[in-house]
Amino acid sequence: MAAKFIFRLDDICSDMNYKNFQRIRDIFIKYNIKPIIGVIPDCKDELLKKQAQGNSIEADRFWKEIKELQDINGWEIALHGYDHVYINKNSGIFKTNNRAEFAGLSYELQEEKIKKGKMILESKGLEIKAFMAPSHSLDWNTIKALKQNEIYTVTDGISAFPYVKNDMLFIPQISSWPKKRMFGVDTICFHINCWTDKMFIDLENYLQHHKPKVIAFSEAKNIKGSMLLNVVVFVKVKVRRVLSFVKHKILKK
């Protein structure tokens with residue numbers, strides 16, 4: 001199959017940069033794009049609040065709009081941690097970032113955070129389709145806690161196609177922008193709090209020419225592909241990240 005992309009928005013909460021959220025919301029609605037959005041149940045991340053530059057909105061208005069986007073526009077919801085506060089420097093399963101809200105904590109603590117976060121989102125009328133770990137940092141205790149709370153899909157993973165491990169479905173997330181690919185599924189991770197005008201223009205230009213490549217998160221759940229290609233993509237991404245790290249270290253000297 002030709003390559004397909006899912007759009008995902010991280011760090012969605014009432015303390016985000018709401019002006020930027022409005023802009024991307026309007027673009028997605030215009031082109032009938034149904035992203036998966038990572039909603040933080042009880043955000044206490046001061047950096048996100050700072051990035052919003054005073055453009056946050058009142059909480060009741062925020063929850064009402066998110067529910068409307070789910071019910072009317074078909075946007076899908078991921079539980080994006082609990083409070084988005086980083087507790088340690090554990091990079092978890094994927095070794096993407098050296099910080100974590102979940103990875104490295106006991107099962108009991110992780111289960112409590114997931115349970116409380118899920119309860120908050122469901123109390124707002126939201127249906128949770130997946131888990132989205134802050135900074136991509138989760139471990140096997142996280143997976144165990146998710147299954148305890150009847151969440152069986154994670155929007156993360158380094159592979160060509162969705163795959164199942166430990167009875168958990170992982171939908172790959174590799175890139176921050178759609179790239180030329182011959183095959184597979186990739187979730188494109190957008191952090192819109194600090195987007196510039198150019199990034200919104202580039203997004204709309206991409207959709208004008210490549211909209212058929214973009215699918216909804218739920219559509220990817222039934223896509224299966226070659227395990228060999230999964231391994232090839234995993235190795236390629238890992239090598240690229242190691243080389244990037246080494247290059248960064250050399251430039252800092």
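**Cavity, pocket and a buried serine**

The lining of the largest cavity comprises two nonpolar, two polar and two charged residues (Ala, Val, Leu, Ile, Met, Phe, Trp, Tyr, Cys and Pro count as nonpolar, Asp, Glu, Lys and Arg as charged, and the others, Gly among them, as polar). The model is predicted, so to speak of local features pLDDT of at least 70 is needed, side-chain atom pairs count only at pLDDT 80 or more, and totals for chains, interfaces and linings use all residues. Residues are numbered from 1 along each chain as its sequence is written, and side-chain values use heavy atoms, leaving out hydrogens and water.

Lining this cavity are Asp-10, Asp-11, Met-16, His-191, Ile-192 and Asn-193; the space inside is about 30 Å³. On a 1 Å grid over the protein atoms alone, a cavity is a set of points where a 1.4 Å probe fits but cannot get out, a pocket is an open set with protein on both sides within 12 Å along at least five of seven lines, and lining residues have an atom within 4 Å of a point.

The largest pocket holds about 560 Å³. Of its 32 lining residues, Asn-97, Arg-99, His-136, Cys-189 and His-191 are the closest to the centre. By class, the pocket lining has eleven nonpolar, twelve polar and nine charged residues.

Turning to Ser-159, this residue is buried, at 2% relative accessible area (buried means under 20%, with a 1.4 Å probe and protein chains only). Its side chain reaches the backbone oxygen of Phe-161 at 2.7 Å.

Conventions. Buried means under 20% relative accessible area, exposed over 50%, partly exposed in between (1.4 Å probe, protein chains only). A polar contact is a pair of N or O atoms within 3.5 Å; within protein, one must be able to donate a hydrogen and the other to accept it, and residues adjacent in sequence count only if both atoms are side-chain atoms. Grid points are joined across faces, edges and corners, and a volume is the space filled by probe spheres set on the points.
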